[in-house]
Amino acid sequence: MLRRYGLKTRRGLLLAFGLLLAAHVNAQSIEDEAVVWLQEFIQVDTINPPGNESRAVDFYAAIFDAEGIAYETAESAPGRGNIWARLAGGDEPALILLQHTDVVPADREYWTSDPLSGEIRDGYIWGRGARDMKGTGISQLATFVSLHRAGLALNRDVVFVATADEEAGGAFGAGWLVENRPEIFAEAGLLINEGGAGSRLGDQVVFGVEVTQKVPVWLHLTAVDTPGHGSSPRTTSAVTRIVEALNIIRENPFPPRIIPPVEAYFAGLSLSMDNEWADAYANIASAIREPGFMQEFQEYSSGNHALTRDTCTMTRMGASSKINVIPPEAWAELDCRILPDRPAEEFIDTVRNMIAATGVEIEVIMAFTPAISATDSALYQSIVNVTREMHPGSRVLPSVSTGFTDSHFTRDLGIVSYGFNPIITERGDPSGVHGNDERVPVEAFRRGVTDLRAIIRDLVVD
């Protein structure tokens, strides 16, 4: 229709259309935008392996370009992209909003929808990464963009950092940036990442702020023995050696012990419990010494049980390529997680001594250093202040994560790092994290965006 009008009129119509579009965008809340951003971000395929996180960089770059926010990018390897942006502020130590953009694989056969659909159905946003951690990442984006739009004077720099490869250890993401772009972290004193959230216990909302995490120690076990024909079993083989080593580890669980952050966390949880486990949580150091308790506890809560001891999970195995061949070599891999109160080397020596008689050799695939962030920071206080105001009667507890995040890199730099997203998970609400049908309730996500924005504003705006 514009062809029917002269140039001047056409420009006027385009200007009017632009003003209407701008008014529509401005009428949207940041929560509305965040929902759309999350749907679109889930559709960006960053499944690791192989990662292809440069696609996420393009996604964020387009938003920053539209907002007029300067940013930088770097690839640690082809397709392994990272992006960061900074809002300049005062002289207080900078705050980093850290996220990873890769997600774990998803098997379409076992999902009720396309894992990369980002569709809204039954009140949920569905798709791989909805919770881990594209949802949290978009909440950070919404906070960052809203600070930029508001144009308020900030008491510190706020740095948005989105990295590759966390799901495989972070070597191409946060770990690479620490080594190759140290200026990103140089003036930072505080950081918020994934790892903690809110949950409803009884009638009370409890927010867990991750201050430390079990240390991942990934081990590759190898056995070598004489090969032969499957019809003539030998007294020992590479396979039997591996099986024996794994059985020793399975039948000898590591003794339980309670570190101070876990004791404080359990004691805090007990205040919101009204069942027979409340007393055990309140006195967990004594409870773990009671006969039969640990087995019952694992059945009751495998996640909390894992906070009371070092663990090793058998996840991968391999041996012969043919059913009738005794192979010369067999292998297995263990995902071990240890409490952050001793060095990984000490734990590895323990495992090595346990299986020494089997002749199985141990190779360390990955092992991080332990670290704990204190709770006497301005960021932690902002979390307490805002959640108390936004959710009357709620409580904030320092927590320990059974999984690892990229926060171990920044804790090694001396940056006080917390895992926290104020989204609240209702009792029995499915999440699908690393499993099937990952999803997040739309309204819970929207409220989480609102609350995170309020927490960060409380910290960075005087």
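1. How much space lies in the second largest pocket? About 180 Å³. A pocket here is an open set of points on a 1 Å grid over the protein atoms alone, where a 1.4 Å probe fits, with protein on both sides within 12 Å along at least five of seven lines. The volume is the space filled by probe spheres set on the points.

2. This is a predicted model: local features need pLDDT of at least 70, and side-chain atom pairs count only at pLDDT 80 or more, while totals for chains, interfaces and linings use all residues. Residues are numbered from 1 along each chain, and side-chain values use heavy atoms, without hydrogens and water.

3. The second largest pocket is lined by 11 residues, and E33, W37, I63, E67 and R149 are the closest to its centre. Lining residues have an atom within 4 Å of a point. Helices α2 (30-42) and α3 (54-67) each supply at least two residues of this lining. By type, the lining has six nonpolar, one polar and four charged residues.

4. Strands are DSSP runs of E, at least two residues long, and helices are runs of H or I, at least four.

5. Strand β8 (residues 198-201) runs antiparallel to β9, joined by four bridges; DSSP must find at least two for strands to pair. G198 has F207 as its bridge partner in β9. Two residues lie between the strands of this hairpin, where G202 takes a positive phi near 65 degrees.

6. Strand β16 (residues 395-401) runs parallel to β9, with seven bridges between them. Q213 stands opposite S401 in β16.

Terms used: Ala, Val, Leu, Ile, Met, Phe, Trp, Tyr, Cys and Pro count as nonpolar, Asp, Glu, Lys and Arg as charged, and the others, Gly among them, as polar.
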